[in-house]
Amino acid sequence: MERRNIYIQNQHIAYFSMEIGLNADIPTYSGGLGVLAGDTIKSAADLNIPLVAVTLLYRKGYFRQEFDPTGWQHEHDIDWKPERYLQLLPHKALISMEQRDIKIQAWLYRVKSPAGGEIPVLFLDTDIPGNDDQDRHLTDHLYGGDQTLRLKQEIILGIGGARILQAMNFSIKKYHMNEGHASLLTLELLNQTRQNLGDNSDDFSSTNIREVAEKCVFTTHTPVPAGHDRFPYDLVEKIMPRDIPLATLKKFAGEEDLNMTMLGMNLSRFINGVAKRHGQISQDMFPGFQIHAITNGIHPYTWCSPFMVRLFNRYLPGWANEPELLVRVDTISDDEIWDAHCGAKALFFQYIHEQTGTQLDPELLTIGFARRAATYKRGDLIFSNIERLLDMGAGKLQFVFGGKAHPQDNEGKKVIQRIIQQAEKMRGKIALVYLENYNMDTAAQFIPGVDLWLNNPMRPLEASGTSGMKAALNGVPNFSVLDGWWIEGHIEGVTGWAIGPAPHDVKDDSSHADRDLEDMYDKLERVIIPLYYDNHPGWVRVMKNAIGKNAYYFNTHVMMRRYVTEAYIH
Ligand SMILES: *Cc1c(COP(=O)(O)O)cnc(C)c1O
């Protein structure tokens with residue numbers, strides 16, 4: 001009771017996200033989008049920002065990944081007990097789909113900061129006695145199933161989420177939609193304002209619309225038209241509650257089909273992309289809107305290895321809640337930075353040995369690559385010319401890979417398989433490990449435990465990227481295509497290295513695979529391998545610059561202060 005009163009004392013920011021990754025025990029995320037949401041919430045807790053988060057409770061998680069002997073990915077349900085981590089709340093919301101009533105309940109998770117702040121995270125689900133049997137499974141899997149299931153989940157998130165907040169008596173100052181999945185909440189808000197005004201007509205007045213838009217913030221993460229969530233109107237007509245007339249819906253969400261990004265943007269006063277370049281690309285894609293850019297970040301304490309935490313605590317006390325202090329990383333000696341890195345590397349190599357039986361050599365330059373195995377990320381690009389790679393790298397390089405492909409993405413699974421099969425071809429010359437089941441736990445050991453963080457997506461598809469920020473924080477320099485956040489963080493040879501042409505030098509609509517590949521091999525051979533082996537002080541300088549010139553800025557504390565001053569308080 002008392003706790004609930006604290007939540008409703010002041011106005012809150014309601015943060016809606018289809019996936020939220022807080023830790024590996026709560027498997028309700030698939031990759032960067034969810035981890036960003038979790039990190040956002042953690043920084044809000046540290047900074048005492050009054051925020052409440054809303055997402056879905058996936059009882060079978062995303063999936064656990066397993067490889068067969070040919071390197072093909074198989075998926076398994078995750079068996080976890082929500083009751084162990086979350087507290088079921090008494091509040092219910094009612095929605096209707098396919099003309100059936102469905103009850104929604106909410107589970108509470110409290111994100112507590114050592115600085116004293118606390119953020120409630122509401123996980124919604126429909127597994128309630130009394131609901132139709134099929135409806136009880138709507139929230140089983142994240143991104144599972146077809147368009148119909150996806151639309152139903154987005155109705156639960158957007159409309160159900162807004163109603164649960166109302167049932168709990170939250171007073172909401174802003175609704176922040178983290179990507180288009182939550183956009184249906186704008187329809188619920190339209191309805192709520194119409195009811196408040198005692199207006200029963202079907203015609204939404206400009207007053208209604210302005211009132212809703214004033215309250216909404218929309219963050220887009222998708223740099224290409226094909227990436228936006230869309231639903232055909234006949235499906236929408238069949239499933240959606242009939243509160244909003246189709247003609248009105250089409251006005252906001254597009255004539256052809258329901259475009260969740262259009263809907264969210266049309267009803268939000270503040271819209272942003274997730275890096276400067278992504279802001280520009282979104283602006284070109286949606287010329288009718290004003291699109292800002294707030295670059296993503298990572299939660300510093302969560303992603304810092306215990307070895308670096310110890311160092312930072314000693315030399316830069318207060319860094320975790322004021323990461324700008326990392327700008328003074330040069331007060332730490334080279335030896336201490338290097339030793340902390342070697343500690344993280346040794347721990348990770350021990351983990352690799354336990355998981356795979358492979359013992360990597362801690363003396364070798366170790367290149368890491370781990371993220372969702374989406375084809376645009378081109379995980380196998382570096383193996384395009386094996387002879388060249390063996391020529392420069394035998395006895396000098398080794399690789400660790402990780403990452404899951406979406407269950408329906410066979411092309412992504414093929415990329416994984418090709419990488420795993422590559423290991424055989426290089427056996428005895430260059431070691432390569434592909435770790436199973438990449439998640440937040442493994443990421444926290446993985447990223448600090450390698451020497452160089454490789455990232456070679458097709459431009460402009462990496463709207464921001466965040467794993468490279470985790471690397472930088474741990475003194476692991478980035479070797480990356482100039483896309484997303486790296487355009488802002490990259491200083492050649494100082495904070496890390498670029499792969500391929502500069503952003504102003506390329507068209508976004510071709511892959512530049514040849515130029516990227518040539519540059520990647522060339523720089524590895526001429527610059528990176530020699531620096532690592534022949535100029536230790538020079539290497540540690542780049543490590544420190546990654547911390548002092550990248551990590552001090554690319555974090556969710558800085559990001560959240562920007563959301564507050566630029567999007568939330570107005
Ligand atoms: C940080 C993180 C990501 C994001 O990686 P990108 O390289 O930015 O795509 C994906 N998965 C997990 C488990 C992460 O921790």
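The legends below describe close-up views of a predicted model.

**View 1. Stacked pair of phenylalanine 401 and tyrosine 434.** A search of the whole structure finds 26 aromatic pairs. In the pair shown here, the ring centres of phenylalanine 401 and tyrosine 434 are 6.2 Å apart. Their planes meet at 20°, so the pair is stacked, given that planes under 30 degrees apart count as such. Phenylalanine 401 belongs to strand β15 (residues 397-402) and tyrosine 434 to strand β16 (residues 431-435). The two residues are 33 residues apart, and the pair links distant parts of the chain. Both phenylalanine 401 and tyrosine 434 are buried.

**View 2. Stacked pair of tryptophan 497 and tryptophan 539.** The aromatic pair of tryptophan 497 and tryptophan 539 is stacked, with 5.6 Å centre to centre and 25° between the planes. Tryptophan 497 is part of strand β19 (residues 496-499), whereas tryptophan 539 is part of helix α20 (residues 536-551). The pair therefore ties together parts that are 42 residues apart in sequence. Tryptophan 497 has a relative accessibility of 2% and counts as buried. Tryptophan 539 is also buried, at a relative accessible area of 1%.

**View 3. Aromatic cluster containing Phe401 and Tyr434.** Phe401 and Tyr434 form one aromatic cluster with Phe67, Phe369, Phe383 and Phe399. Over the ring of one cluster member, phenylalanine 369, sits the charged end of arginine 371, 4.5 Å from the ring centre.

**View 4. Lysine 250 over tyrosine 233.** The ring of tyrosine 233 has the charged end of lysine 250 over it. The distance from that charged end to the ring centre is 5.2 Å.

**View 5. Polar contacts of the ligand.** Among the residues closest to the ligand are Arg371, Thr466 and Ser467. Arginine 371, whose charged end sits over phenylalanine 369, also places a polar side-chain atom 2.8 Å from an oxygen atom of the ligand. From threonine 466, a backbone N or O atom lies 2.7 Å from a ligand oxygen atom. For serine 467, an N or O atom in the side chain is 2.5 Å from an oxygen atom of the ligand. The ligand taken alone exposes 390 Å², of which the protein buries 96%.

**View 6. Shell around the ligand.** The ligand is surrounded by 14 residues, and the closest also include Lys377 and Lys470. By class, five residues of the shell are nonpolar, six are polar and three are charged. Helices α2 (32-46), α16 (440-446) and α17 (467-473) each supply at least two residues of this shell.

Definitions and conventions. Residues are numbered from 1 along each chain as its sequence is written. This is a predicted model: local features need pLDDT of at least 70, side-chain atom pairs count only at pLDDT 80 or more; totals for chains, interfaces and linings use all residues. Side-chain values use heavy atoms; hydrogens and water are left out. Rings of Phe, Tyr and Trp (its six-membered ring) pair if their centres lie within 6.5 Å; planes under 30 degrees apart count as stacked, over 60 as edge-to-face and the rest as tilted. Helices (H or I, at least four residues) and strands (E, at least two) are DSSP runs, numbered from the N terminus. Buried means under 20% relative accessible area, exposed over 50%, partly exposed in between (1.4 Å probe, protein chains only). A charge sits over a ring if NZ of Lys or CZ of Arg is within 6 Å of the ring centre and within 35 degrees of the ring normal. A residue is near a molecule or strand if one of its heavy atoms lies within 4 Å of it. A polar contact is a pair of N or O atoms within 3.5 Å; within protein, one must be able to donate a hydrogen and the other to accept it, and residues adjacent in sequence count only if both atoms are side-chain atoms. Accessible areas come from the Shrake-Rupley method with a 1.4 Å probe; for residues, only the protein chains shown count as cover. Ala, Val, Leu, Ile, Met, Phe, Trp, Tyr, Cys and Pro count as nonpolar, Asp, Glu, Lys and Arg as charged, and the others, Gly among them, as polar.
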